[in-house]
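Below is a short briefing on side-chain contacts and secondary structure. Please read it alongside the sequence and the 3D view.

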Amino acid sequence: MAKFRDRAGRPIVAVTGMGVVTSLGRGKTDNWTALTAGRSGIHRINRFPTDGLRTTIAGTVDFLDVNPMVAPVLSENLATIAADEAIGQSGLARDDFPGALFVAVPPVEMEWPQRRILADATAKAEGIVYSDLLAAAAGGDYRKLHDLFLFGTVADRLADRFGTKGSPISLSTACSSGATAIQLGVEAIRRGETRAALSIGTDGSVHAEALIRFSLLSALSTQNDPPEGAAKPFSKNRDGFVMGEGAAALVLEDYEHAVARGATILGFVAGCGEKGDGFHRTRSSPDGRPAIVAMQEAIADAGLSPDDIDYINAHGTSTPENDKMESMSCMAVFGERMATVPISSNKSMIGHTLTAAGAVEAVFSLMTIAEGRIPPTINHAIPDPAIPLDVVPNVARDARVTRVMSNSFGFGGQNTSLVFTAEPVS
Amino acid sequence: MSELRDVVITGIGLVSSLGEGHDVHLAALHDAPRPHVDAAAFAPYCVHPVVPLELDRQIPKKSDQRQMEPWQRLGVYAAGLALDDAGLKGDAERLDRLQMIVAAGGGERDYAVDGQILDGMRKAAQPEVFLNERLMSDLRPTLFLAQLSNLLAGNISIVHGITGASRTFMGEEQAGVDAVRVAQARIAAGQADAIIVGGAYNAERPDVLLIFEMGHTLWKHGFTPVFERSAEGGGFIPGSAAAFLVLEAADVAQARGARAHARLAPVRAERCPREDGGLEKTLATMWADAGAGRDAFVLSGATGMARITASERETLDALIVTGSIMATGDLIGHSVEAQFPFGVALAALAVEDGLADEAVVTSVGHQRGEGLARVVKAG
């Protein structure tokens, strides 16, 4: 029995299914092929006009037929594709998932097309104010829109579709949300509350206002030509992130439960670490302490030491500040050895999938272990002398990788690190 | 796994239309006051407006106040009250380890900008290009930070120095249920020693009224008690409110000499098909699983939505014998994500005051999600 528990006596958490969709394609195979070929999914935006915008590129997912094209519907579609792939791989029933659902979803809000529907339903030709929209809403049947723009609806529909158990949790920790969805699943299994958890991160929120908000905060790259060259994490000429869309799902399972039913084990979530930062709403503490502590806690939670980590799947957004802070923090955690620990950023190819990023990058981290190949950081033409790291520049590399740390950092002082391993750590 | 630990409530911070702090809310449990309802500001809709707050008392820097919208200020203020009450305010070492779970929706829009854009888009030859131009020039860059769901937690970190780590749950009423449930479960299992959990809701916003009016879920007559609205179709009266609780492992609280208001038993949360008796059955099951007694004092989070509120009342009436039922909506209105944490806070005050030996808090979300908490005397 002991081999199914970690050193703290907690159930070991195995991964038995994974699914992913990004601008690079649908499913693990297509994504991995593109990712290890160094191919970018970032392109010119054609979902809406970009006239007057400083940034005109993104890693949107354009190959789905989504109607209406609003963030919650696209996010739900992306999550469904990823979860279907993950549960299919796990061998569990596709409509009767034996555990809880944790889903990181972009905050939901009413969008412009729907606001315009109500404006058109008002009696007024001009001078529209919210009381007119309210009167229009009162006079018609907009129940579908009400449900569409509730925060809990995406998770509710996913729970219906996959038959997850209990009260589904919709969560946000900004750009570390996907990692938090995994952490919540790990904690629930460790508590013995559930034998399995479906953890999902999804984000299909590239619309004009979302892009403009990040643009007004000067967070986005404006190097639009060529689009695939804009995201250049750790490069000296990096100038911001590129918005991306996608989703990933992981079937997490009590190791004992997975073995008992003969499931194929894809890897383990060995450790989770997190740390808040009260320094600023969008900027990190200059000393990097919160990121450092998050990484140290993840490694300690896994019962490992920094020397045990073979590869770091970076947050690596391509913003001047994140990459500098992350690099400095990694050097503080790993010491001199950091010069030779490979660290690469998937965001160089898929952009920043925001709410989904932590889950998407968890899947790629586990695939790195399984395939023995590290995806590169592309667009690395001008190294930043302040970042003396092995960023696996431009070309994928074969390597034996058994333990990966994946970082996720977000607005609002959110810092989450996860450690994935090939073998259980007991 | 080791034995589960007892979880106690050592800090309570409340803000609502009734006032702020413990006393005014405890008094309301003894003798339900005339509710404070504003029927004019958003006519034909009523709201319970929050009392004016002296923000400087909990948010000392004006620059912080300016960076937030009202829903965030309410929450940061209430979180500060909870820390004061728990004796943790300014305790840098403990605040650096204190975890946080916040139940949140999203932030206010710029109503004037929205109206002008809707007007202009009608006349524009290329409405979407017009939209780009106006948003680029008219949106305040920092408004985004007042809208993001997780930035209530972010602001609490900044203002009060809580830097353990935060998680934000979304999903209307059930976000509040799950926030309290997960916080209690993590502490009980030893995954955390102390967590501040709660939510904040600003009802005085036409954009949130709009979401609910699209579903025809709002009560549009004068104030009527929650359980008496069915005859006229039902609906809820939104209320501005915020509630934060400091939850701690009982041994940890005792070791630092903290006073426990009450003990919080494991919280129940469900998502049931409500037709054909499903809701009634789920409520009864949660009641039994929580070990609630027949003399419990019930603080119902019922919305006033006709069918589900009647079902809840009928079920609760059958479960209790000597206990009484009070709708928190009659006191503070419906504060969506904050309603369940608020109910748990009131339950703790009631039990501590001797109003009842145990109190049960229910939540039946206006669209989905059911929850139940049981609060008993500490130690």
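**Charges over rings**

R115(A) sits over the face of W112(A), 4.5 Å from the ring centre. A charge counts as over a ring if NZ of Lys or CZ of Arg is within 6 Å of the ring centre and within 35 degrees of the ring normal. In chain B, R313(B) lies over the face of F227(B), at 4.7 Å from the ring centre.

This is a predicted model, in which local features need pLDDT of at least 70 and side-chain atom pairs count only at pLDDT 80 or more, while totals for chains, interfaces and linings use all residues. Residues are numbered from 1 along each chain as its sequence is written, chains are lettered from A and ligands numbered from 1 in the order in which they are written, and side-chain values use heavy atoms, with hydrogens and water left out.

**Aromatic pairs**

- Over all chains, the structure holds 7 aromatic pairs; rings of Phe, Tyr and Trp (its six-membered ring) pair if their centres lie within 6.5 Å, with planes under 30 degrees apart counted as stacked, over 60 as edge-to-face and the rest as tilted.
- One of them is the edge-to-face pair of F4(A) and Y255(A), at 5.1 Å centre to centre and 75 degrees between the planes.
- This pair links distant parts of the chain, 251 residues apart: F4(A) is in the segment before β1 (13-22) of chain A, and Y255(A) is in helix α9 (residues 255-260) of chain A.
- Helices (H or I, at least four residues) and strands (E, at least two) are DSSP runs, numbered from the N terminus.
- Both F4(A) and Y255(A) are buried; buried means under 20% relative accessible area, exposed over 50%, and partly exposed in between (1.4 Å probe, protein chains only).
- The ring centres of F214(A) and F241(A) are 5.2 Å apart and their planes are at 75 degrees, so this pair is edge-to-face.
- F214(A) belongs to helix α8 (residues 208-216) of chain A and F241(A) to the loop between α8 and β8 (246-254) of chain A, 27 residues apart.

**Helix α13 of chain B**

- Helix α13 (residues 306-319) of chain B has 14 residues and spans 20 Å from first C-alpha to last, close to the 20 Å expected at 1.5 Å a residue; the expected span is 1.5 Å times one less than the number of residues.
- Its buried residues are I308(B), T309(B), S311(B), E312(B), T315(B), L316(B) and L319(B).
- These cover an arc of only 160 degrees around the axis, which puts them on the same side of α13(B); the arc is that of the directions from the helix axis to the C-beta atoms.
- The face turned away from the buried side of α13(B) carries the exposed residues E314(B) and A318(B).
- The buried residues of α13(B) pack against α12 (278-290), β11 (297-300), β12 (325-327) and β13 (358-364) of chain B, where contact means heavy atoms within 4.5 Å.

**Strand β7 of chain B**

- In strand β7 (residues 194-201) of chain B, 8 of 8 residues are buried.
- Strand β5 (residues 99-103) of chain B pairs with β7(B) in the parallel sense over 5 bridges; two strands pair if DSSP finds at least two bridges between them.
- V197(B) in β7(B) is the bridge partner of I101(B).
- β7(B) and strand β8 (residues 241-249) of chain B pair in the antiparallel sense over 8 bridges, with G198(B) opposite F244(B) in β8(B).
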